[in-house]
Amino acid sequence: MRVSRRRLLAATTATAALTVSPAGATGATGATGATGGHRLRTGFERLAADGYTLLDGERVGVVTNPTGVTRDVRHIVDVMHADDRVDLVAVFGPEHGFRGTAQAGGSEGRYDDPATGLPVYDTYQKSGRPLADVFTASGVDTVVFDIQDIGARFYTYIWTLYDCMEAAQLAGKRFVVLDRPNPVTGRSAQGPVLHKEFATFVGRQPISQAHGMTVAELARLFNKEFLTSPVPLDTVLMSGWRRSEFYDASALPWVPPSPNMPTPDTALVYSGTCLFEGTNLSEGRGTTRPFELLGAEGIDRRWAEAAEELGLPGVHFREAYFAPTFSKFQGKTVGGVQIHVHDRAAYDPVRTGIALLVTAKRVWSGFAWRADNWIDKLTGSARVRTMIDAGADTDEVVAGWRDELEAFRRVRREYLLYR
């Protein structure tokens, strides 16, 4: 690692200005009581405004994807590459790739980026020592992470974060996380907590299904609670973000984090309706409203009526028909529901997802779980599946995870960095 005199002189100032502070402190978060999206600055914006002093004298690699952009939609890799204050030497791409050319379950592989000439390394489906070897081969001193999360345990970018932190520790690298908003707020954690025996890339560690945290907060939690040995970690916080805010309050451009996450509305429902990936129903992939449209051949208006009768807060259900262009039921017209959230603050996506599973099974005789019990990986245990199969209603299923959720909320509280 190369350390310059400039970095040594700037270290104290940079740490005070940019990195983590005790939960609830106003200095790092900029929580001044102001309102309006113009006040929010992302971790990258604050890093750049500080002249990149946190990275001075180091060879830098960035883990990112198309969401790593400035508010005028320039990619941070392009911005940093053009700035002689940063020695950017590598890029690391997650699922879907650095430039976002791959569909779900795919990546871009190893290549040289045409725009910058930088080597791009593939992190997808790599962890532990193999991923550590990638970091070593790249020649970086510091790994920087900047990807927009959407707040659900089974959205894989937070586990790319975890895997990269673990690999950086094994490779003797420093790790820096640039924070961005949780688009569905950071008000609370909801849903079942993963049981370790069900750990996969859609859930490495025991956190709740909707975690209500930012990536910087998760990085602190991962580093202290789950990594066998902590990585040298710096987090560059946002200024001006409040936990109660949805993404539109940020005034930041929305770049789809993955091909089937086209809008913040998708993110709002995803932590509940992604559970339909574990069934034989379409979760809306191949439509313009993935995860908001759900259905299958043979379903009619009775499902929407049964869901609407529950009176779930903040949401209505419309009888809907659609023909996916790919994925389940490709080219076939199917019946189902469209979710219409009318009160975001009252809406509970996880409870709503469970209610939709319960009612779908009740009104449609063709309902089935995926043969590999993928639903267990998504929910974090076999409990949701077995309870629904046994005839449990929504309240009973939700009550089943109450104690473990409260335990996670107590752990989570220690790592919250914003009001």
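Me: Is Gln 125 buried or exposed?
Reply: This is a predicted model, so take the numbers as computed from it. Gln 125 lies in the loop that links strand E4 (119-122) to helix H4 (128-138). The cut-off for exposed is over 50% relative accessible area. Gln 125 has 69% relative accessibility, so it counts as exposed.

Me: What is the phi of Gln 125?
Reply: Gln 125 isn't a glycine, yet its phi is positive. The value is about 65°.

Me: And Ala 251, which class does its accessibility put it in?
Reply: Ala 251 is another loop residue, found between strand E9 (233-236) and helix H7 (264-273). Its phi is positive too, near 60°, in a residue other than glycine. For accessibility, the band between 20% and 50% is the one that matters here. Ala 251 comes in at 49%, so it counts as partly exposed.

Me: Is Thr 156 buried or exposed?
Reply: Thr 156 is in the loop between strand E5 (142-146) and helix H5 (157-171). Leaving out residues up to four places away in sequence, it touches Glu 95, Phe 201 and Val 202. Buried means under 20% relative accessible area. With 11% relative accessibility, Thr 156 is therefore buried.

Me: How many of the residues of E5 are buried?
Reply: Look at both faces of the strand. Thr 142, Val 144 and Asp 146 point one way, Val 143 and Phe 145 point the other way, and all are buried. That makes E5 mostly covered, with the buried count at five of five.

Me: Which residue in E5 is the bridge partner of Val 60?
Reply: Strand E1 (residues 59-64) runs parallel to E5, and five bridges join them. Val 60 has its bridge partner in E5, namely Thr 142.

Me: What hand does the crossover from E5 to E6 have?
Reply: Strand E6 (residues 174-178) runs parallel to E5, with four bridges between them. Within that pairing, Val 144 stands opposite Val 176. The chain gets from E5 to E6 through H5, a β-α-β crossover that is right-handed.

Me: Which helix sits between E1 and E2 in their β-α-β unit?
Reply: E1 and E2 run parallel and are joined by five bridges. Val 60 stands opposite Leu 88 in E2. The β-α-β unit that E1 and E2 make is right-handed, and its helix is H3 (residues 76-81).

Me: What is the bridge partner of Phe 317 in E12?
Reply: E11 and strand E12 (residues 334-341) run antiparallel, joined by eight bridges. The partner of Phe 317 in E12 is Ile 339.

Me: Zooming out, what is the radius of gyration of the protein?
Reply: The secondary structure comes to 13 helices and 12 strands, and the C-alpha atoms fill a box of roughly 70 × 45 × 40 Å along the principal axes. A compact globule of 419 residues would come out near 22 Å. The protein agrees with that, at 22 Å.

Me: Last one: what share of the residues is buried?
Reply: The protein exposes about 15,600 Å², with carbon and sulfur atoms supplying 51% of it. Of the contacts between residues at least 6 apart in sequence, 75% join residues at least 24 apart. As for the 419 residues, the buried share is 60%.

Conventions. Residues numbered from 1 in each chain as written. Predicted model: local features only at pLDDT ≥ 70, side-chain atom pairs only at ≥ 80, totals over all residues. Heavy atoms only, no water. Pairing = 2+ DSSP bridges. Helix = DSSP H or I, 4+ residues; strand = E, 2+ residues; numbered from the N terminus. Rg over C-alpha atoms; globule rule 2.2 N^0.38 Å. Buried < 20%, exposed > 50% of the residue type's maximum accessible area, 1.4 Å probe, protein only. Contact = heavy atoms within 4.5 Å. Areas by Shrake-Rupley, 256 points an atom, 1.4 Å probe, with all protein chains shown as cover. Right-handed = clockwise from strand over helix to strand, strands pointing away.
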